[in-house]
Amino acid sequence: MKNPFLFLFQLIAINVFSQVNMPFAAEISPNGMHAKFTLKQDISTENIVISVDVDGNIEISTLSECQIKYHWLETTVSGKIESIDNIKFEYYYDSHNPGKIKKIGNLLFTYYDYQENQSKIGKIKSIGDYTFNYYEYMEEEGKTGKISSIGNVKINYLYGLENPGKISRIGNIRIAYNTDFVNNINAGKITDIIGSQEGVLIKISLLSQKL
C-alpha cells in the first residue's frame, strides 16, 4: 500500500508548484528599460486584461468592446472603475491601501504593508494565484524596487556602467544588448533573446512609443 504521508506530500508539492509557476507574457521595450507582465486571463474577468510593470504598477485594459461604469460619489474611489460589463471592481478603504483595487471579479489583489521593506511598501503582492516580489534597497543600483520574481520565475536587471536597469533575464531567458556605444544609433538596444522559460512568452514592443 502506498504510504499515505508520501502521497499527501506529493499532492501538496504539486499544488504549491502549480500556484507559483503561473504563465505570463513579458512585453519589453527595444531598449529593455521598460516592460509589463500580462497575466493569464482569468475566466472570472472575461475580456479584462491585467498587467503589471517592472515597478509594480497595475494596468487594466480590455480585449473587445465593453461598457464601463465609474464611481461618482466623493470618496476614495471617486472616478475609479465601478464595473466593466458585468464584472465588478472592489477597492480597499483601509488607511494602508485606500482606493487600491481589492477585487476584479473573483480575483483578489493584496499589497505589501508598512511592516515590509521600504522598497515593497504599497506595491502589489498578489493577484489571484500570482505572487510578486521586489529587489530591496541593498541591491545594486538599477534594480532597487523593481520586480525580482513572479511566482518562482526570477527576473534580473543589468547594473554598472553599461545598460543599468535593463532587464537581463526572465527565468531561463537571457536578453542581450548592443554594447557598441561608439557612434552607434542602435547602442543599448536588444540584439538577442536566448533560451526559453516554461509559461513565459516574450514580446518586444518594436513599434511602441510608450515603452
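1. In this predicted model, five strands make up an open sheet of mixed pairing, ordered β4-β3-β2-β1-β17. Its edges are β4 (58-62) and β17 (200-204); each has a single partner strand, so one side of each is left without a neighbour in the sheet. From one strand to the next, the twist averages 25°. Strands here are DSSP runs (E, at least two residues), numbered from the N terminus, and two strands pair if DSSP finds at least two bridges between them. Angles run from 0 to 180 degrees between N-to-C directions, with axes as lines fitted to C-alpha atoms.

2. Within that order, strand β2 (residues 35-39) pairs with strand β3 (residues 48-53) in the antiparallel sense over three bridges. F37 stands opposite V52 in β3.

3. The loop between β1 (24-28) and β2 contains S29. This residue is buried, with a relative accessible area of 0%; buried means under 20% relative accessible area (1.4 Å probe, protein chains only). The S29 side chain makes a polar contact with the side chain of N31 at 2.7 Å. A polar contact is a pair of N or O atoms within 3.5 Å, of which, within protein, one must be able to donate a hydrogen and the other to accept it; residues adjacent in sequence count only if both atoms are side-chain atoms.

4. A further open sheet has twelve strands with antiparallel pairing, in the order β5-β6-β7-β8-β9-β10-β11-β12-β13-β14-β15-β16. Its edge strands, β5 (68-70) and β16, each pair on one side only. Neighbouring strands of this sheet are turned by 20° against each other on average, direction ignored.

5. Strand β8 (residues 101-104) and strand β9 (residues 107-111) are joined in the antiparallel sense by two bridges. I104 has L107 in β9 as its bridge partner.

6. Strand β14 (residues 167-170) pairs with β15 in the antiparallel sense over two bridges, and R169 stands opposite R174 in β15. The two strands form a hairpin with two residues between them, and G171 in the turn has a positive phi of about 60°.

7. Strand β15 (residues 173-177) is largely enclosed by the rest of the structure, because four of its five residues are buried. Four bridges join β15 to the antiparallel strand β16 (residues 190-194), where D192 stands opposite A176.

8. On conventions, residues are numbered from 1 along each chain as its sequence is written, and side-chain values use heavy atoms, with hydrogens and water left out. Local features need pLDDT of at least 70 and side-chain atom pairs count only at pLDDT 80 or more, whereas totals for chains, interfaces and linings use all residues.

Definitions and conventions:
Buried < 20%, exposed > 50% of the residue type's maximum accessible area, 1.4 Å probe, protein only.
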